[in-house]
Amino acid sequence: MLYSEKVMDHFRNPRNVGEIPDADGIGEVGNAKCGDIMKMYLKIDDDIITDVKFETFGCGSAIATSSMATELIKGKPVSKAMELSNQAVVEALDGLPAYKLHCSVLAEQAVKAAVKDYYDKNGIAYDPELFADDDDDEHGHE
Amino acid sequence: MIYADHAATTKTSETAKRVMMETMDQFWGNPSSLHTPGQKAAEALEEARATVAACLNAQPREIFFTSGGSEADNQAIRSAAYLGKRRGKNHIISTAIEHHAVLHTLARLEKEGFEVTLLPVGSEGIVKVEDVAAAIRPETALVTVMFVNNEIGTIQPIAEIGALCRERKVVFHTDAVQAAGHLPIDVVAQKIDMLSISGHKFHGPRGTGALYVRKGLPLQPLIEGGAQERNKRAGTEDLPAIRGMAVALKEACENMEQVNARLTVLRDRLIEGLSQIPHGALNGDRERRVASNVSFCFEGIEGESMLLLLDDKGIAASSGSACTSGSLDPSHVLLAIGRPHEVAHGSLRLSLGEENTMEDVEKIITDVTDTVTYLRGISPVWKELQRGERSYVIQ
C-alpha cells in the first residue's frame, strides 16, 4: 500500500473537519496550482486551543496530515502548537512516502499561520523569526 | 471491484493464458537452436509474427517483437532520427500530448542536437493536419504522432498525417499502444511507416510489444547481441508472451466492432451521468474519442483523494493529478488542452473494458457524484469558489 493504516484512517475519517465561524485564528497555506491548500481554524481560550477545525483541498496525505495536526494541538497551550513539527505529524501517522512529506510541512505551516493570525488579531507580541518560513509553500513549482 | 482502468492495463485473456501455458509446455525450445525443439519454437514464433502482421495489414517481415510499447517507441524514434541525421536532417515533429516514452526520447535527442517541434492540440485534444503540414521542413527527419491519447482517449487524424508524410517524403511513426485491438489499423491504407503496440493493452501479457517498420525503411537496434529479430532486437525471444500477445490481438480485432458498439453505449451514459455534476467538464473531443475513455475534470477537488475514496467504494480508476504521478505538476495532456493547474489536479480517467456493464456505469455515476460532493464539502477552494472569492474555470 502507498499509505500506512493510520494515514488511511485519518484520510477516510478525518478528525475535526469543518470550519469555526467565530475562530480566534485562521491560517491558510498552500497553492491550488500545486494541488494542495490547507485552512486551519483555532478557538483559543486562556491561551488553550479549545477547538480546532480544518478544511483541505489536496491528496490523501494532505487530508490525513491536516487531520492529525488538529489532533496533536487540540486542548494544548498555544506555545505547544507552535512547537508542532512536520516530523511529529509524520511519526504520528506511522510515516509518509518521501514525495508526500511536503504535505506534513503544509500541516505544520497551517497551524503556525493560524497562531500568527491569532497573535496579530490580539496584539500579542511575538518573534517574527518563529514564522520565518511561512511563505515557503511553493515547493519549487515551475 | 469495478475495474475502470483499462487504459492502464487489461486482465490477460483466458485464450492468451492458455496459449502461454501451452507455449511453455510445447514450444519451450530456443527459436535460434537448430534442433527439433528449437525449430518448433521458431515456427511458432513466425506464426505469431504472421498473426500480428495480419491484424495491422502488414507483412510478417515488417514486425519486430520488443519488450513493450516503450521500447518500440524508443527504437522507432531513435532509429528514424539517426537515419535522418545521416541524410543531414535533424528536425522531428511531434505533439504536446504524447506518452512519456515518446516525449522523453525526444528530449534526449534534443540534448544530442536534434530540433524538436511539439505541436499544440487545442482544447479538443486533437492535432491539426495543417499544423503538421506547416511544421514540415526540408530537414524534417520524422513525424511521430500517437494514434489515440492514453489520458483523454482522443483519436488523432492518423491516415491524413500518413498521407501528408508520404507525399512530403518524411518518415511517419505512430504510437498505437492505445489503438491496437481497439480501432481498425491498416498500415498500408493509413500510410504508416512505423507503429508501436503493447501486448497488455488488449488483454495480452505485459512485458511484450511489437514494432512495425515498413519494408525498405532501415531500422537500427537499441539492444545489441544475438541475431534475433533479424539483427534488430537481440535477446532470446519471450515466446510465451509473444504468442499470448498475438492471440490476444487477433481476438481483440475479431471482436472489435461488437465490443466497441457496446462500450459506446456505456461510455455515452457515463459521460451523460457525470456531466450532471456542476463545474465539471469532459476532457477531449466529445465525438472523436475511443469507445472506452471517459475523462473529466472537477473543480475544487484533487484527484488522488478521489481515487482513494473510489477504491474504497470498489471502483478502480485513474487520475492525471500530480499526486498520482509522484511529481508536482499535473498531467501534461490536461495542461496541453488548456486546463489550468488547479483544475487539472481534479481529473478522473475512467477507461472501460468489455467486462463492464450498465450496472457498473450507474454505480460509477452515483459514487463519483457522492465523492466529488464530499470532497468539495471539505475543500477550502470549493468554498472560495462558491463565495465568489475565486472564479470558476469550468462554468
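1. Helix axes here are lines fitted to C-alpha atoms over the stretch in contact, and angles run from 0 to 180 degrees between N-to-C directions. The model is predicted. On that basis, helix α1 (residues 14-26) and helix α8 (residues 239-274), both of chain B, pack at an angle of about 150°, and their axes are 8 Å apart.

2. Angles over 145 degrees count as roughly antiparallel, so α1(B) is roughly antiparallel to α8(B). The crossing of α1(B) past α8(B) is right-handed.

3. On the α1(B) side, the contact is made by B:T15, B:A16, B:V19, B:M20, B:T23 and B:M24. Their partners in α8(B) are B:L239, B:P240, B:A241, B:R243, B:G244, B:V247, B:A248 and B:E251. By class, the residues of this helix contact are nine nonpolar, three polar and two charged.

4. Turning to the interface, 22 residues of chain A are in contact with 21 residues of chain B. Four elements of chain B give two or more residues each to the side that touches chain A: α9 (303-312), α10 (322-325), α12 (341-344) and α14 (380-386). Of these, α9(B) gives the most, with four residues.

5. The side of chain B that touches chain A has nine nonpolar residues, alongside seven polar and five charged ones.

6. As to confidence, chain B has a mean pLDDT of 97, with 98% of its residues at 70 or more. For the complex, the predictor gives an ipTM of 0.92 and a pTM of 0.94.

Notes
Residues numbered from 1 in each chain as written. Chains lettered and ligands numbered in written order. Predicted model: local features only at pLDDT ≥ 70, side-chain atom pairs only at ≥ 80, totals over all residues. pLDDT = per-residue confidence, 0-100. Contact = placed C-beta atoms within 7 Å. Nonpolar A, V, L, I, M, F, W, Y, C, P; charged D, E, K, R; others polar. Parallel < 35°, antiparallel > 145°, perpendicular 65-115°, else oblique. Left-handed = near helix turned anticlockwise from the far one by under 90°.
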